[in-house]
Amino acid sequence: MPDLLLELFSEEIPARMQAQAADALKKLVTDALVERGLLYEGAKAFVTPRRLALAVHGLPGRQADQREEKKGPRVGAPEQAVAGFLKAAGLASLDQATIQSDPKKGDFYVAVVEKPGRATTEVVAEIVPDIIRKFPWPKSMRWGSGTLRWVRPLHSIVATFGAEGDEPEVVHFSVDGIEASNVTRGHRFMAPEPFTVKRLDDWMAKLEAAKVVADRDRRKEIILNDAKDLALAAGLELVEDEGLLDEVCGLVEWPVVLMGSFEARFLDIPDEVIRATIRANQKCFVLKDPKTGRLANRFILISNLVASDGGKAIVAGNERVIRARLSDAKFFWDTDRLNGLASRMPKFQSITFHEKLGSQAERIERIVRLAKELAPKVGAPVALAEEAALVAKADLLTEVVGEFPELQGLMGRYYAQGENLPAEVAAACEEHYKPQGPNDRVPTAPVSVAVALADKIDTLVGFWAIDEKPTGSKDPYALRRAALGVIRIVLENGLRLRLSALMTVLFRQGITSEGTLGGDPQILTMFRSRLLRSTPQASGVDPFEASQRVAEAEALLLASDLLAFFADRLKVYLRDRGARHDLVDAVFALEGQDDLLLVVRRVEALAAFLATEDGKNLLAGYRRAVNILRIEEKKDGRAFAGPTVAALLKEPAEEHLAAAIDDVKARVSKAVAAEDFEAAMTALSDLRQPVDAFFDAVTVNDVDPALRENRLKLLDEIRAATRGIADFDRIEG
């Protein structure tokens with residue numbers, strides 16, 4: 001079957017746009033072909049700095065003929081309806097239509113429209129120009145006097161169609177004066193002359209001869225393998241960088257790997273600064289000395305041509321630029337070390353963190369207070385946690401971090417080490433930002449944990465207080481990431497924290513004392529006015545006391561809302577690990593569930609229990625009991641809440657169930673208090689047999705109203721017994 005080859009040849013496409021553009025071209029063209037009935041066997045997109053291409057394999061030579069029946073108006077319908085039908089169906093008169101009968105609707109006209117399929121080349125010539133004109137570039141431009149917008153000036157279009165072994169046909173169309181043809185060009189400098197191509201294999205072979213590697217993945221493979229070989233020959237190791245490899249691959253059509261060097265004196269700079277400097281300014285890879293484990297004074301650069309001098313001039317040019325940039329980095333590094341971290345702290349007073357949450361200095365004060373409070377709970381010395389929280393943000397005002405923001409935290413660690421601060425403090429300067437994503441490591445050192453939790457909890461509490469919560473896909477302050485960070489730190493370190501109590505205190509402090517939460521009196525006024533309007537004031541109540549009540553109520557509401565946000569994030573965290581989200585809901589629905597570690601342990605125990613036969617059967621019995629109870633409560637317009645009256649327990653099965661419920665309640669309560677959730681589940685499993693026996697032997701809706709009410713209360717007791725573990729109403733399946 002024939003194949004389609006399409007190439008759009010232009011000036012340099014920015015590297016960051018190339019992969020997305022290749023995917024877009026493939027989707028737009030193949031979707032348009034399928035929409036028109038042209039199914040294909042396979043398609044692959046290609047992209048280089050100067051060309052965007054697509055090969056579609058196994059296309060039919062033409063569309064299939066189409067036969068369509070169009071139903072028209074009833075026989076005898078108004079003339080206007082008949083005229084509309086003829087026009088829509090493309091008929092000259094009713095003689096070209098047939099009449100069909102319907103037992104209900106009578107006779108009506110039917111037109112059989114036969115539409116012959118068009119040649120694939122005609123279809124391609126129709127769809128491709130429209131795709132080119134509407135191509136979704138993030139940024140585009142016009143040039144000359146044309147109207148076409150493209151990422152960079154478009155020079156030529158290749159469009160060929162044909163089967164293997166045949167001479168392919170050029171698909172003729174034009175876009176803004178650019179005629180499609182079978183002519184393309186190779187490398188800008190090493191093979192600039194035009195040449196003709198036929199189909200994919202011929203196109204790739206001729207481009208290769210013209211010093212262009214069309215396949216993006218192959219260019220990446222060449223760069224990586226040649227760089228490793230060159231490093232190995234020098235007794236060094238390549239520091240791999242997937243992001244840089246993707247970018248460099250988009251800068252060259254014919255990759256040539258070269259090695260340069262810089263003065264050894266620059267190795268006094270931290271490795272991360274050297275790497276960031278060389279990567280950001282020259283898009284070069286750094287090399288590591290396996291003997292020392294540190295960077296070597298060499299780097300790998302990728303040229304786009306084979307130079308006549310073996311690349312000496314290219315290497316020398318890169319060395320000059322890198323030498324100048326490393327000189328700047330060394331100056332920044334030396335200047336930062338002359339001025340200690342403590343000297344930067346006063347500057348934070350004039351830097352706003354958020355207009356409603358005060359300055360960075362006020363935020364640091366909050367983090368310090370919270371870190372001191374958290375330190376004993378995570379096993380950290382209070383003095384060290386306080387010191388670490390005080391200087392953890394100081395590196396934000398250093399020269400190196402100003403140049404390379406991605407090094408924040410890490411540079412704080414280097415500067416703290418240089419000032420001989422305690423090792424725990426230096427580590428916390430770097431680690432308090434972690435984890436910054438699902439694959440980032442979690443801090444484990446107690447001081448780092450205290451500061452990391454304080455930083456994230458302060459962020460969440462602050463933005464919750466000013467009602468800047470995530471909405472939909474929008475989360476400008478990365479609050480979801482902060483909550484997930486708290487969850488991971490707590491769970492992976494096995495920490496016991498009562499989040500609700502902690503957050504309530506923080507909200508209360510922010511509401512009742514100006515400056516604690518943000519230094520903005522408007523926040524205090526907002527909270528008080530909002531709740532005073534909704535809280536009735538008893539006559540004779542002291543205004544200050546009333547204000548305190550309002551503050552307490554607001555703090556509890558905010559803490560409850562933020563805890564629900566943590567519950568949602570915990571569901572995401574556990575779902576990614578194969579846990580059921582409904583079990584998280586079932587546990588969080590119980591009052592006072594704000595210890596994340598215990599919540600997870602309870603969820604795990606509940607999941608294990610529900611996987612057993614006892615668990616499945618008890619859940620079925622619970623649902624039967626609750627369904628009966630709900631129906632009867634709705635019918636009577638009242639609730640039936642236990643306990644039962646012992647004298648009204650007439651049947652042995654209900655006596656046995658009542659006794660079992662009392663026993664299970666006591667055992668579950670004792671086990672939960674001891675945080676032995678497996679024992680609690682074992683106790684709960686003992687309800688299965690008496691519940692089954694009760695439904696087999698007892699009629700709940702007895703004719704005796706007293707017995708009926710007592711048995712309905714017994715069903716409520718089943719619900720009460722299970723709620724020592726979780727809210728079974730929220731369990732699915």
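Two strands count as paired if DSSP finds at least two bridges between them, and helices (H or I, at least four residues) and strands (E, at least two) are DSSP runs, numbered from the N terminus. The model on screen is predicted, so local features are described at a pLDDT of at least 70 and side-chain atom pairs at pLDDT 80 or more, while totals for chains, interfaces and linings use all residues. Residues are numbered from 1 along each chain as its sequence is written, and side-chain values use heavy atoms, with hydrogens and water left out.

**Confidence**

Begin by colouring the chain by pLDDT, the predictor's confidence in each residue, from 0 to 100. The chain averages 89, and 94% of the residues score at least 70. Then select residues 514–521, where pLDDT stays under 50; for this stretch the model has 20 contacts (heavy atoms within 4.5 Å) beyond four places in sequence.

**The open sheet**

Select β13 (237–238) together with β15 (residues 285–288), β16 (295–303) and β14 (256–261). These 4 strands form an open sheet in the order β13-β15-β16-β14, with antiparallel pairing. The edge strands are β13 and β14, each of which pairs on one side only. Between β13 and β15, which run antiparallel, there are 2 bridges, and Leu 238 stands opposite Leu 287 in β15.

Next select α6 (242–249), in which Leu 244, Leu 245, Val 248 and Cys 249 are buried; buried means under 20% relative accessible area, exposed over 50%, and partly exposed in between, with a 1.4 Å probe and protein chains only. Seen down the axis of α6, these buried residues fall within an arc of 130 degrees, so they line one face of the helix; the arc is that of the directions from the helix axis to the C-beta atoms. They pack against α5 (216–233), α7, β15 and β16.

Asp 241 is buried, with a relative accessible area of 12%, whereas Arg 279 is partly exposed at 28%.

**Helix α2**

Move to α2 (residues 79–89), where Val 82, Phe 85, Leu 86 and Ala 89 are buried. Viewed down the axis of α2, its buried residues lie within an arc of 95 degrees, so they line one face of the helix. They pack against β4 (66–74) and β6 (106–115), while the face turned away from the buried side carries the exposed residues Gln 80, Lys 87 and Ala 88. After α2 comes Gly 90, whose phi is positive, near 75 degrees.

**The cores**

A nonpolar core is a set of buried Ala, Val, Leu, Ile, Met, Phe, Trp, Tyr and Cys residues joined through side-chain atoms within 4.5 Å. The largest one has 149 residues, and those with the most contacts inside it are Leu 453, Phe 507, Leu 570, Leu 606 and Leu 687. Helix α14 (residues 446–465) gives the largest share of this core, 13 residues. Centre the view on Leu 687 and, leaving aside its neighbours within four places in sequence, look for its contacts with Leu 618, Leu 657, Ala 660, Ile 661, Val 664 and Ala 721. Apart from this core lies another, of 39 residues, among them Ala 22, Ala 32, Val 123 and Phe 135.

For another pair, select Arg 667 and Asp 686, whose closest N and O atoms are 2.7 Å apart in a salt bridge. Arg 667 belongs to helix α22 (residues 652–673), and Asp 686 to the loop between α23 (677–685) and α24 (688–697). Both ends are partly exposed, Arg 667 with a relative accessible area of 31% and Asp 686 at 39%.

Finish with Arg 363, Arg 366, Lys 393, Asp 455 and Asp 458, which are linked in a network of salt bridges.

Methods:
A salt bridge is a side-chain nitrogen of Lys or Arg within 4 Å of a carboxyl oxygen of Asp or Glu.
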